[in-house]
Amino acid sequence: YVFILVAGWLATDCWRVLGVYFGGRISETSEAIVLVRAIATALVAAVIANLIFFPAGALAKVALEIRLIAFASGFAAYLLTGRKVVVGILSAEAVLAFGMLATSG
């Protein structure tokens, strides 16, 4: 376990150090940063889509329609509140929980 922890830490920590080192030297509007942001956004979108369309565990028991409605309500709340992430997350969770309770009976 120690080897796995050290190897995992070394594999990710070097990139963090390089990110901090080069991050201050690169303009926010540079093509490299735009590319990094695009990739990060695509990865987050892929994770969300995976959770909606191919869920695992307890989420797999929830109907697709409820997951889609929860996603849409969370995204709408996020946009309507001036892009407040916490509001979007809490809204989606509330709708998901309500939908799960409403259909469990």
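The structure is a predicted model, in which local features need pLDDT of at least 70 and side-chain atom pairs count only at pLDDT 80 or more, while totals for chains, interfaces and linings use all residues. Residues are numbered from 1 along each chain as its sequence is written, and side-chain values use heavy atoms, with hydrogens and water left out. The chain has 4 helices and 0 strands, where helices (H or I, at least four residues) and strands (E, at least two) are DSSP runs numbered from the N terminus.

**Overall form and confidence**

- Read from the N terminus, the elements follow the order α-α-α-α, and the C-alpha atoms fill a box of roughly 55 × 40 × 20 Å along the principal axes.
- The radius of gyration of the chain is 19 Å, whereas a compact globule of 105 residues would have a value near 13 Å; the radius is taken over C-alpha atoms, and the globule rule is 2.2 Å times the number of residues to the power 0.38.
- The mean pLDDT (the predictor's confidence in each residue, from 0 to 100) is 92 for the chain, and 99% of the residues score at least 70.
- Confidence is lowest in helix H1 (residues 2-23), with a mean of 85, and highest in H3, with a mean of 98.

**Surface and contacts**

- Buried residues account for 13% of the 105 residues in the chain, where buried means under 20% relative accessible area, exposed means over 50%, and partly exposed lies in between (1.4 Å probe, protein chains only).
- The chain exposes about 8,400 Å², of which carbon and sulfur atoms supply 75%; accessible areas come from the Shrake-Rupley method with a 1.4 Å probe, and for residues only the protein chains shown count as cover.
- Of the contacts (heavy atoms within 4.5 Å) between residues at least 6 apart in sequence, 26% join residues at least 24 apart.

**Aromatic rings**

- Rings of Phe, Tyr and Trp (its six-membered ring) pair if their centres lie within 6.5 Å, with planes under 30 degrees apart counted as stacked, over 60 as edge-to-face and the rest as tilted; by this rule there are 3 aromatic pairs.
- The pair of Tyr 21 and Phe 22 is edge-to-face because the ring centres are 4.9 Å apart and the planes stand at 75°.
- Both members of that pair are partly exposed, Tyr 21 with a relative accessible area of 45% and Phe 22 with 43%.
- The pair of Phe 71 and Phe 75 is stacked, because the ring centres are 6.2 Å apart and the planes stand at 10°.
- Phe 71 and Phe 75 are 4 residues apart in helix H3 (residues 64-80), so about one helical turn separates them.
- Phe 71 is partly exposed at 40% relative accessibility, and Phe 75 is partly exposed at 45%.
- Phe 71, Phe 75 and Tyr 78 together form one aromatic cluster.
- The charged end of Arg 25 sits over the ring of Tyr 21, 4.1 Å from the ring centre, a label that requires NZ of Lys or CZ of Arg within 6 Å of the ring centre and within 35 degrees of the ring normal.

**Two selected residues**

- Leu 51 lies in helix H2 (residues 31-53) and is partly exposed at 46% relative accessibility.
- Not counting residues up to four places away in sequence, Leu 51 touches Leu 59 and Arg 67; the C-alpha atoms of Leu 51 and Arg 67, which are 16 residues apart along the chain, are separated by 8.8 Å.
- Ala 76 is found in helix H3 and is partly exposed at 33% relative accessibility, and its C-alpha atom is 22 Å from that of Arg 37, 39 residues away along the chain.
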